[in-house]
Amino acid sequence: MCYLALGILFIFIIGNLCVLAHSIGYLIGYVSHRSPLQEPIPCDSEPEEGVAKKAIVEYSLSWTNITNLLARRLTPDAFNSRLSDVEQTDHTAGSTGDNLLGNRVLESFKSLEMEPWTDTHYVQLQMPNSEKPNRVLIGQDEVCQPKGYLAYSATGKAKGKAVYGNYGSQEDLALLQTLKVELNGTVILLRASGQISLAQQVANVAALGVSAVLIYPEHKNETTELYGHVHLGSGDPYTPGFPSFNHTQFPPTQSSGLPSVLAQSITAQTAVKILKRIGGPDSPPSFKGKLDNVKYTLGGASSEDVTVEVNNVLQDTEIHNVFGVIKGFTEPGRYVVLGAQRDAWGPGYAKATVGTTLLLELARAVSEMVHTDGFRPRRSLVFASWSAGEYGSVGATEWLEVSTAQTHYVFKPMQMEDSAYPFLAFSGIPSLSFRFVSQEVYPHYGTSFDNKEYLGFATAHRLGSIATGAGLVAGQLALRLVHDHVLYLDVLRYRKVLSQSVVNINRPNYVVLQDGSAEGLSARWLIMALGSYSRAATDLNTELLNTDLTDTLACHNINDRIMRVEHNLLSPFVSPKEVPFRHLLFGHGSHTMAAMLEGEDREALRTQLALATWTVQGCANALSGDVWDSDNQI
């Protein structure tokens, strides 16, 4: 094969100015099928004097020069001008609007001489059944045939007593159980939350045996329909771990993240009708919502029966990802990828329009910096426009499977609903996700109100300047990654994260050992593996301080080891097909550090500790570099 991926780096950025959800990502890797921007000078020939002098000028730009050039090129006026070209009233994945916008991106990349290309995937997307609508009934009364829907719900009909469960978080459900509210076999009503994904809400309540889930948005317009997906994963759930190409033949299989229960979105208006008829005890204060003229009760045994009917159908859909490249001058085979989601249910202004606009503006700005201002990126910069992001980062994940007001920053662990999450937890790519936020959650995602007018209100009509600020942060991160000799990533930071996880695991195990209930169960070897990692990380930082940064091979070696860290935290002991998110710390499954805190099976925990130990030790050995430098004490 002519493609060799030795290391990858991805940083995903969501500009969410109380609001803004443009998605931009970066990925560093190696590729050998793309040629450099300029022809290399043969080793056996003497370069002309003019060429040598030009090369010196090309690489003389300082980091300050580069950031100033970007700020000069990326402006609110240019953003606002481009925005009108990107607007689409409907650009659902695979639709005419989505393809039209994809072609505009392609033509824009062509005009910038970015050698654009596309890749095509044939994925299964769940759609409403045009001949048999979804329905919700209370008793014998049909209360709605909702237009909105939750993709990848189970299908069929379910009936049960109605229960109100607030957001369906683990804390909410624990409170319901404390109040002796029976959930098994019920139809549970939840309000959508900006803090927990629709898929996680459904997974939480499905684990407690509900028969169906109804989710409504707390929107000022009570007739607002909600659209979303409930696949607790990413990519096409019917080809888990594999890319979806035309005529791809795989054994019948599906993602373990598909829900086993019915899930349907309803309007706030329909939620009011249900809440007025479910009865039961009063809900706790934290369950009180924003709906008018409603007494929030928990329902349960005294409630009327609610029937949910979901008739969604799977449709084979052709989607296109669009790419363009600005090639590097020193290491063109190493690349950084910026990506933005292109599709949306409805206008999708915050969800997709702003991100696609910023992607195109960043491509234009950096291209002009190269062709006009003398900027010479060390590594290549690839710009990617993804489709089917609304269905769970389908376009981005499919590509991954092929290549394997006042604002402030909020830093927190990556969540599954982040489009960057599969890059981190599925492929082991170092990832960062940040948002620009205000005190209030933007309430219009997944609705027809995610449009220019409402986004303008949410940003105090400063969308252009705020989005440009987000673009400058994204652009500087990307340019830093293609400009510096050594990747600006501190592997020692992971020592603290790993240490805290080990402490949390060891503390309850110590209590178990003291009372004699599990003799021999200890995190001792895991602690030793953590020590190996800590020493390897410290040694690498020391080596970096003593490295000549003009030594290309030495920098390659250090960068390789830095980029291996995240990948080596993917557990090699679980199947990517059954457990796609294999990351030891941020994955999802029994192999993770978090799962070790929740399990009660001591023999299973013994195995989990052993496998986690070898995962961390393997990461430490890879970080050490050469095999003879490994610090393996277990």
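Asparagine 293 is placed in the loop between H7 and E13, where helices (H or I, at least four residues) and strands (E, at least two) are DSSP runs numbered from the N terminus. The structure is a predicted model, in which local features need pLDDT of at least 70 and side-chain atom pairs count only at pLDDT 80 or more, while totals for chains, interfaces and linings use all residues. Residues are numbered from 1 along each chain as its sequence is written, and side-chain values use heavy atoms, with hydrogens and water left out.

Asparagine 293 has a positive phi of about 60 degrees although it is not a glycine. With 70% relative accessibility, asparagine 293 counts as exposed; the classes are buried for under 20% relative accessible area, exposed for over 50%, and partly exposed in between (1.4 Å probe, protein chains only). A positive phi in a residue other than glycine is also found at glutamate 115, with a value near 45 degrees. Glutamate 115 belongs to the loop between helix H4 (96–111) and strand E4 (117–127) and is partly exposed, its relative accessible area being 40%.

Glycine 289 is located in the loop between helix H7 (268–275) and strand E13 (305–310). Its relative accessibility of 23% makes glycine 289 partly exposed. Apart from neighbours within four places in sequence, glycine 289 is in contact with Arg191, Glu218 and Tyr296, contact meaning heavy atoms within 4.5 Å. The C-alpha atoms of glycine 289 and asparagine 166 are 8.0 Å apart, although 123 residues separate the two in sequence.

Threonine 155 occupies the loop between E7 and strand E8 (156–164) and is partly exposed, at a relative accessible area of 48%. When neighbours within four places in sequence are set aside, the contacts of threonine 155 are Gln126, Leu262, Val310 and Asn312. Between threonine 155 and valine 313, which are 158 residues apart along the chain, the C-alpha separation is 8.4 Å.

Serine 197 lies in the loop between strand E9 (187–191) and helix H6 (198–206). This serine 197 is buried, at 14% relative accessibility, and its side chain reaches the backbone nitrogen of glutamine 200 at 3.0 Å. A polar contact is a pair of N or O atoms within 3.5 Å; within protein, one must be able to donate a hydrogen and the other to accept it, and residues adjacent in sequence count only if both atoms are side-chain atoms.

Aromatic rings were examined next. Rings of Phe, Tyr and Trp (its six-membered ring) pair if their centres lie within 6.5 Å, and planes under 30 degrees apart count as stacked, over 60 as edge-to-face and the rest as tilted. The count by this rule is 15 aromatic pairs. In one of them, tyrosine 149 and tyrosine 227 are edge-to-face, with 6.2 Å from centre to centre and 90 degrees between the planes. Tyrosine 149 is in the loop between strand E6 (141–144) and strand E7 (150–151), and tyrosine 227 is in the loop between strand E10 (212–216) and strand E11 (228–229), so the pair ties together parts 78 residues apart in sequence. Tyrosine 149 is buried, with a relative accessible area of 2%, whereas tyrosine 227 is partly exposed, with 25%. The rings of tyrosine 454 and phenylalanine 457 have centres 6.2 Å apart and planes at 90 degrees, so this pair is edge-to-face. Tyrosine 454 and phenylalanine 457 are 3 residues apart in helix H11 (residues 452–458), a separation of about one helical turn. Tyrosine 454 is partly exposed, with a relative accessible area of 27%. Ring pairs also link Tyr149, Tyr152, Tyr227, Tyr238, Trp345 and Tyr391 into a cluster.

A charge sits over a ring if NZ of Lys or CZ of Arg is within 6 Å of the ring centre and within 35 degrees of the ring normal. The charged end of arginine 524 sits over the ring of tryptophan 525, 4.5 Å from the ring centre. The charged end of arginine 480 sits over the ring of tryptophan 63, at 5.1 Å from the centre.

Helix H2 (residues 63–73) packs with helix H12 (residues 463–483) at an angle of about 145 degrees, and their axes are 10 Å apart; axes are lines fitted to C-alpha atoms, for helices over the stretch in contact, and angles run from 0 to 180 degrees between N-to-C directions. The contact involves Trp63, Ile66, Thr67, Leu70 and Ala71 of H2 and Leu472, Gly475, Gln476, Leu479, Arg480 and His483 of H12.
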